[in-house]
Amino acid sequence: MHGLSIRCINSKKSFIALITGCFFSSVAFSQTDTAEDKVPERTPPPCEYCMFESGSEGFINIGGITVSDDNHTLGRNNGLDDEGQHLLLDGYWQKIFESGHRLELEGNDLGTDNRSASLHYGLQGSYAFALNYYELPHRGHLGGQTVFINERNALVLPSDWVTGGTTQTMPDLETSLSTVELRTKRKNSNFSVNYKALTHWDFNLNYEHEEKTGQKLSAASFLTTTSQLPRPQDFTTDSIDLSAAYTKDKLSVHLAYFLSYFENQREALEWENPFSPINGATEGRMALEPDNQFQQVSAAITYLITPRTLFTLQSALGSGKQDDDFLPATRNALIAASTLARDALDAEVDTQNTQARLSTRIGKGLQLQIDAQQYKRDNKTEESDFQQVVTDNFATVVATNRAYDITRDRLSASTSYRFSKLMRLRAGVSSIDIERNYSEREETKEKLRWMKADIDPLNWLRFDFGLTRSDRDGSTIIYDPEISDGQNPLMRRYHVADRDRTAWRNSVSVDIGNNLLLNLSNEIREDDYPDSAIGLLESTSEFQSLDMSYAAGRSLYFHVFASVDESRSIQSGSERFNFADWQAINTDTTYSGGIGVAYKPRKSKWQWNADVSLSDFSGESEVNQLRFDSQFPDINAESRRFNLELEYALSESLSLNGGLAYEEYDSDDWQIDQLSPSSVSNLLAAGIESPNYDITIVTAAMRWHF
Amino acid sequence: MGITTRFKPAKITPTQRVLGALRGALLLPAMLCASLTHAADDPALIFVAELPFDIPYTEDGADDCLRCHDETSEFPVMAIFKTDHANLADPNTPFAKQQCESCHGPGSEHAGRVRRGNPRPAILGFEKHSSGTLEQRNGVCLDCHQDSHDFRTWQNSAHANEELACTDCHKVHTHSDPVKTREQANVCFGCHAEQRADSMKFSSHPLQDGQLLCSDCHTPHSSLQMASITHFSTNELCFSCHEEKRGPFLWEHAPVTEDCSSCHEAHGSNHPALLTRRSPLLCQQCHSNRDHPSLALGADNVLGDTPRAEVFMLGSGCVNCHSQVHGSNHPSGAGLNR
């Protein structure tokens, strides 16, 4: 038995020395015994029974889909969110030429908003061309209403709109509401080429063009009033990915270049103020996401130092830029804002990521792995003063933009030792140092230790135990008014606060004869923020699951799963702006489970599968204060789904297929339920509701193979 | 065989202890790495299919196999001919080499005559309880696939550390390998139960219908990144689909520039937009400024029997006004509301 303990690796120099030492000594001693003992080759004999593919074949699947009701979950991303009928159309065709070239055409869900199509051509192992197109819809909340009308790239109010100081005093509110569709869609076209040359080189080119259009729910405010409104999305992204890989013997090199150019067709969201304007702010204007570009070059080298020692070095340099012209400081003609420091941000952020990993196997049981990583975000954008016109109402103070930098260093070492087939122990240590500017704590240091044990007392039984401990502290926390923006000095933001974390995971697995698989697992994570008086004080999450699958022969399969997921956190705040005078306790609990059966015999005309899945969530929040204790209304979301798919073969070339999907969805969300446009005096809400419905989707189609 | 090296603990200031440990950490692996290269029977990071060399191949190759393993047999295999592994145009495929025996090894004993009552000699199989060891089974796959850069570092990967076999995820004798189709998530969920539970939550990425695949974000075969993500950082990964949030913005929100997962759960949440918590309590975990960010907002501020429905709580909470939470490029947008 070889034991090795890495007790403390917290120095970059030591790490580099370690790698260097290992590298040179390994090279010095290593033999060139990579892989010469190949099985002796022989000419493969002709095969009479082999059914190699040749010629052309394909299928068309055509039918219909009926959706019983509008819905937000079952059809959220597959285009089946609207009540009504849809065409079901899938198809596939391939031709294999005598030269071995293959041409494939494929279309899926062509009758819905989730359609995709592709064309592939190539010679396997030599080159491949691919043209792909797909659409991906996303349905937002149902029931949105708005008084705004989208005209000339602006959200305007009805011509006879009379403003009000509150939503209750807007005389035309109820009669001016119209339905707003909160949905977006991505349309993606991409082209790729893969070319393998000289057996060791592999070249890839991928070009992608994506359009994302639609609108999502957003909000826009004037001082003390605000309106929920549809925010347009009209984005285009073009990206190119080029890579070349060389792999031969002990060496593998990968070089890549990536360019992504994002363009927003809308530079601003302009809207009319439905509330009685203050200081002449009848209109507002918000900057939408600016055009930007990001490019990155990367290189990775993997070298097999010895047959058991592998070294990988990877580095990526990226650069993000953004230079959209600024909007004027305000749309309010009554406010004379000072001249802008410059016309555009001319922003540039450089990223750098360097990683190295050394793995070695020692003997039959011992394995050692060492990792180092450095990530840097260097924001080179010039910092300037900008006079703020707060929500187009008043010119106020000057603010200076901040160019946030971050450097994250991670060093880790782990070892694994398998004593025998019965048991394996693993352990590791990591240190994570993060430096930030404009932070109350400039540097955080986290030390992490973990260990795991796998015990296989029987061939079919396995236990896993894992324990992780980490402690995070860092530099002195300094509340500089320039940085803290009036933050309570007792606040400890959770990503920089001192933190003690303990996590453990236990599981037992049963695997009998490749037929029965059973797994029970329990995972707990506890975070404690010992020096935080205000902010997040503690957080606990617990996850328990059961998973079982059983294959009854080669035709019938069962699957059952169930899980409980609970997370709880305690945080505090201070209304009086001194000591903590209130505390909030959040508890989220989710139960989920399902049962599935699949019957797929090879010779039967019938094939079917069915599953039932359940998800039940409840979220509780409680705020305790000196003057009151307050229990929020619960948030609930319950989903019950049933899904049945079946296929019946009429002949070798013709089959019928169909399906039934049913979902019962009930939810309560105090944040949006019964929140009508006029419920809150200073919030013109969009009137969305949490989803509650029963939905049935029926599909029926005929498949013709040719 | 290896060298046995003992370390005697130094006496014993903390500094000396650290230096001693470092010295050990430097020397021991180096020596072990070097010395153990001679252990030719140990599992290696580069793989050669460990097939039985002393058994001859079958006389008729795949025909000898397919005489028994047709569609009516206990182990039907014909679907292999619908897969890339049986593409004769590619000289690197198993069927362009030794056909079935490229992977299962020389099979003359297995295919030969067996005395009645005697068991048929086993051939290398790929199911968990088959005759092959993990190294043998993975070695067969990697013998070919490690020529690709993507698989070269398999032995470094998280899945290799968990001692997974290729065939734990991949099905070779099926027309379409589920893990390479829209069914992929169901394969991954077999082990990653927490991610399955997350994907069933109210707000999630579209994993359930297969519009997004686990492999769109994670590299199962090799990655140096935490959680084996496909990009060099969490933010780069998120921005590969959410480019509009990439900026750089004039007014940045610090946690956005650092780590999207500060506020969002990647796999699913019961709060809107995959948030870890909902506003205002989520925001109040970092913001405790004077006035409204510090307020203890409770049930008094919620619709219902109580009259004080508050704009800070309902709708989108803080985001009702600070809607540019991912950053603003407006000169007057320092408060992330323009």
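In what order do the elements of chain B run from the N terminus on? The answer is α-α-α-α-α-α-α-α-α-α-α-α-α. That makes 13 helices and 0 strands. Keep in mind that this is a predicted model.

Let's stay with chain B. It has 338 residues, and 51% of them count as buried. Now the contacts. Take those with a separation of 6 or more. Residues 24 or more positions apart account for 46% of them. And the surface? Chain B exposes about 15200 Å². Carbon and sulfur atoms supply 57% of that area.

Over to chain A, and two surface patches.

Start with the nonpolar one. Its members are L105(A), L119(A), F129(A), L131(A), F191(A), L205(A), Y207(A) and L242(A). Together they have about 610 Å² of accessible area. Which elements give two or more residues to this patch? They are β5, residues 127–139, and β11, residues 201–222, of chain A.

You will find F191(A) in strand β10, residues 183–197. Is F191(A) buried, exposed or partly exposed? Its relative accessible area is 30%, so F191(A) is partly exposed. The cut-offs here are under 20% for buried and over 50% for exposed.

Next, the negative patch. E267(A), D323(A), D325(A), D343(A), D346(A), E382(A) and E383(A) form it. Pick out D343(A). This residue sits in a loop of chain A, between β17 (309–322) and β18 (347–362). The relative accessibility of D343(A) is 62%, so D343(A) counts as exposed.

To recap: chain B has helices and 0 strands. On chain A, find F191(A) in the nonpolar patch, then D343(A) in the negative one.

How values were computed: Residues numbered from 1 in each chain as written. Chains lettered and ligands numbered in written order. Predicted model: local features only at pLDDT ≥ 70, side-chain atom pairs only at ≥ 80, totals over all residues. Heavy atoms only, no water. Patch = residues over 30% accessible without salt bridge, like charges linked within 9 Å, V, L, I, M, F, W, Y side chains within 5 Å. Areas by Shrake-Rupley, 256 points an atom, 1.4 Å probe, with all protein chains shown as cover. Salt bridge = Lys/Arg side-chain N within 4 Å of Asp/Glu carboxyl O. Lys, Arg positive; Asp, Glu negative; His and termini not counted. Charge placed at Lys NZ, Arg CZ, Asp CG, Glu CD. Helix = DSSP H or I, 4+ residues; strand = E, 2+ residues; numbered from the N terminus. Buried < 20%, exposed > 50% of the residue type's maximum accessible area, 1.4 Å probe, protein only. Contact = heavy atoms within 4.5 Å.
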